Amino acid sequence: MSSAIVPTPAFVSGLPKAELHLHLEGTLEPELKLALARRNGVDIGQTTVEQVKATYEFDSLASFLGVYYPAVNVLVEEEDFYDLATAYFVRAAADGVRRVEAFFDPQAHTSRGVPIEKVIVGYHRAAVDAGALGVSAELILCFLRDFSAESALATLTEALPYADRFIGVGLDSDERDNPPTKFADVFALARANGLKLTMHCDIDQVGSIENIRQVLEDIQVDRIDHGTNIVENPELVALVRERRLGLTCCPVSNSFVTADMKAAEMVALLKFGVLVTVNSDDPAYFGAYVADNYSALAEKAGLDTDELVLLAKNSFEASWLPTNEKQAFLHAIDEYVAGYSAE
Ligand SMILES: [Zn+2]
């Protein structure tokens, strides 16, 4: 029985877990942002960590994106992408993360003249080297949904020669007026090329339920990012449970871009048997890496150790790992909990 274990921060950070909703561009800490700005001679308007941190004030998805996308100007060379991703993998390893399926936004870079090759090769090299840290890492190429469908298609076409360096495609940025079906053709092409599919269904959007219906029925995704509004529609909840589709929830992120962590919704879905997972989204901006997200949700919703262990197991179940590797990670969780109980 693991319920006798107190879910302390030490227990949570040692618990093997997978991170499935993590934007590499969202891991840009102020120190690295300043260092890269200096290295590349980019004027970001701030010269101290305090000044950079003072810009991290958001009360909505739109105000967050207004700070987030201009910051990527400091990423120019392949080495910059490598350094950014490596800094994240080091932190993730210390947080008990054993598997990462990380998002990146090529259009945030190609739209300002950075060749896609530098982005993909730099990030991928870091993902390979993460193996030495005990982290199995893969990449998911995301399209910016406020760009056109044609731009997404051009991006995928440019990226396909590097398709051995990413395992799936996703969709992020501003959901308003940019429904999933806008990208039906590009997602169909990705599927035809053997890539997995996921899409953001952000919190409390206009038309949230219709967009969730589209990702499930029209696009036929393999996972949903956020998606907690699904709780409003029992038929769709039954569908994701039946298909064993993961929801990649981000409690601390939710509390920044909406008024609420959405803890009650996540716990209701978890108790109903949906593959709810906990993730950090953009940890440099929200000040919380993945273990902090587990702890924040546990504190808010009063979760016990068994429920935290279930969330960690769900993260591997919802991953795109081969079955035998999933089983090995699930076994590692059981061993960790058994060892912890014995102490
Ligand atoms: Zn996200």
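This tour moves through the structure stop by stop, naming what to select and what is found there.

The model is predicted, so local features need pLDDT of at least 70, side-chain atom pairs count only at pLDDT 80 or more, and totals for chains, interfaces and linings use all residues. Residues are numbered from 1 along each chain as its sequence is written, and side-chain values use heavy atoms, with hydrogens and water left out.

His-21, in the loop between β1 (17-19) and α2 (30-40), and Asp-281, in the loop between β8 (275-278) and α14 (283-286), are 260 residues apart and link distant parts of the chain. Helices (H or I, at least four residues) and strands (E, at least two) are DSSP runs, numbered from the N terminus. Both His-21 and Asp-281 are buried. Buried means under 20% relative accessible area, exposed over 50%, and partly exposed in between (1.4 Å probe, protein chains only).

**Strand β1**

Next, select Ala-18, which is found in strand β1. Ala-18 counts as buried because its relative accessible area is 0%. Its contacts (heavy atoms within 4.5 Å) are with Arg-99, Val-278, Asn-279, Ser-315 and Phe-316, leaving aside residues up to four places away in sequence. Ser-319 is 301 residues from Ala-18 along the chain, yet their C-alpha atoms are separated by 7.4 Å.

**Helix α13 and the residue before it**

Move to Leu-270 in helix α13 (residues 263-271). With a relative accessibility of 7%, Leu-270 counts as buried. Beyond residues up to four places away in sequence, Leu-270 touches Val-276, Glu-307, Leu-310, Leu-311 and Asn-314.

Lys-262 is in the loop between α12 (251-257) and α13. Its phi is near 65°, a positive value in a residue other than glycine. Lys-262 counts as buried, at 11% relative accessibility.

Asp-177 lies in the loop between β4 (168-172) and α9 (184-192). Phi of Asp-177 is also positive, near 65°, but this residue counts as exposed, at 70% relative accessibility.

**Helix α15**

Finally, select residues 290-301, the 12 residues of helix α15. From first C-alpha to last, α15 reaches 17 Å, close to the 16 Å expected at 1.5 Å a residue, where the expected span is 1.5 Å times one less than the number of residues. Val-290, Ala-291, Asn-293, Tyr-294, Leu-297 and Ala-298 are buried in α15. They lie on the same side of α15 because they cover an arc of only 160° around the axis, taken from the directions from the helix axis to the C-beta atoms. Gly-302 follows α15 and has a positive phi, near 65°.
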